[in-house]
Amino acid sequence: MKYLSKCLSKCLSKCVFTGALLAACGGSQHPDAAPAPADPAAAASGGDQVPPEKMDEINRNLERKRPIMSHCLAIAVDNKELPKNSRGKMTVDITIGPDGKASDVKIVNATLESKTLGECVVHHIQEIQFPAIPKPFETSYTYAFEAM
């Protein structure tokens, strides 16, 4: 979440700087430039961009799944795929479609090697109903695990 905030902050800084630079240079459009959107609401909300409040909601939905992800680890330990004192992290890449469904979930980094754990995590992420968004959105999320 902190990383996302930093990225948004940098992006906004660049947009403000670019806007100031264009204003200083006259900001004239080239004849082949795309016309401004006709819908003022679309222009105000960033058009096809995923609004920050939707990104926050996506992160909250993933965070709410932490307890069930811990249960996935318990299942892997019960199946003797992992030792009782296992701890580690798993990072997943997720593509969320405009309908709010995770259309593609991939484990991209895991310090715990367990087929059961991986399948369980992917399954529960695919069950999340994310908010509707203007276009597909790719993100990643890391879950930390610790068996006791």
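These legends describe close-up views of a predicted model.

Local features are reported at pLDDT of at least 70 and side-chain atom pairs at pLDDT 80 or more, while totals for chains, interfaces and linings use all residues. Residues are numbered from 1 along each chain as its sequence is written, and side-chain values use heavy atoms, with hydrogens and water left out.

**View 1. The whole chain, for orientation.**
The chain has five helices and three strands. Both kinds of element are DSSP runs numbered from the N terminus: helices are H or I with at least four residues, strands E with at least two. Along the sequence the order is α-α-α-α-β-β-α-β. Of the 148 residues, 30% count as buried. Buried means under 20% relative accessible area, exposed means over 50%, and partly exposed lies in between (1.4 Å probe, protein chains only). The accessible surface comes to about 9,900 Å². Carbon and sulfur atoms make up 57% of that surface. Areas come from the Shrake-Rupley method with a 1.4 Å probe; for residues, only the protein chains shown count as cover. Among contacts in the chain with a separation of 6 or more, 77% join residues 24 or more positions apart. A contact requires heavy atoms within 4.5 Å.

Helix 3 covers residues 52-64, 13 residues in total. From first C-alpha to last it reaches 18 Å, close to the 18 Å expected at 1.5 Å a residue. The expected span is 1.5 Å times one less than the number of residues. Met55, Ile58, Asn59, Asn61 and Leu62 are the buried residues of this helix. Seen down the axis, they fall within an arc of 155°, so they line one face of helix 3. The arc is taken from the directions from the helix axis to the C-beta atoms. Glu53 and Arg64 are exposed on the other side.

**View 2. Helix 4 and its packing partners.**
Buried positions in helix 4 are Met69, Cys72, Leu73, Ala76 and Val77. They cover an arc of only 140° around the axis, which puts them on the same side of the helix. These buried residues pack against helix 5 and strand 3 (137-146). The face turned away from the buried side carries exposed Pro67 and Asp78. Helix 4 runs over residues 66-78, and its 13 residues should span 18 Å at 1.5 Å a residue. The end C-alpha atoms are 19 Å apart, which agrees. Just after helix 4, Lys80 takes a positive phi of about 65°.

Ser114 lies between strand 2 (102-110) and helix 5 (115-127). Is Ser114 buried or exposed? Ser114 is buried, because its relative accessible area is 10%, under the 20% limit. The side chains of Ser114 and Glu81 are joined by a polar contact of 2.6 Å. A polar contact is a pair of N or O atoms within 3.5 Å; within protein, one must be able to donate a hydrogen and the other to accept it, and residues adjacent in sequence count only if both atoms are side-chain atoms. A polar atom of the Ser114 side chain also lies 3.1 Å from the backbone nitrogen of Leu117. Leaving aside neighbours within four places in sequence, Ser114 contacts Ala76, Glu81 and Leu82.

**View 3. The Arg87–Glu146 salt bridge.**
Which residue meets the side chain of Arg87 in a salt bridge? The partner is Glu146, at 3.7 Å, N to O. The pair links distant parts of the chain: Arg87 sits in strand 1 (residues 87-96) and Glu146 in strand 3, 59 residues apart. Arg87 is exposed at 56% relative accessible area, while Glu146 is partly exposed at 47%. A salt bridge places a side-chain nitrogen of Lys or Arg within 4 Å of a carboxyl oxygen of Asp or Glu. Side chains of opposite charge can pair when their charged atoms come close. The whole structure holds four salt bridges.

**View 4. Two further salt bridges.**
Glu63 forms a salt bridge with Arg66, with the closest N and O atoms 2.8 Å apart. Both residues are partly exposed: Glu63 has 39% relative accessibility, and Arg66 has 26%. Lys115 pairs with Glu119 in another salt bridge, the closest N and O atoms being 3.9 Å apart. Lys115 and Glu119 both lie in helix 5, four residues apart, about one turn of the helix. Lys115 is exposed at 61%, whereas Glu119 is partly exposed at 46%.
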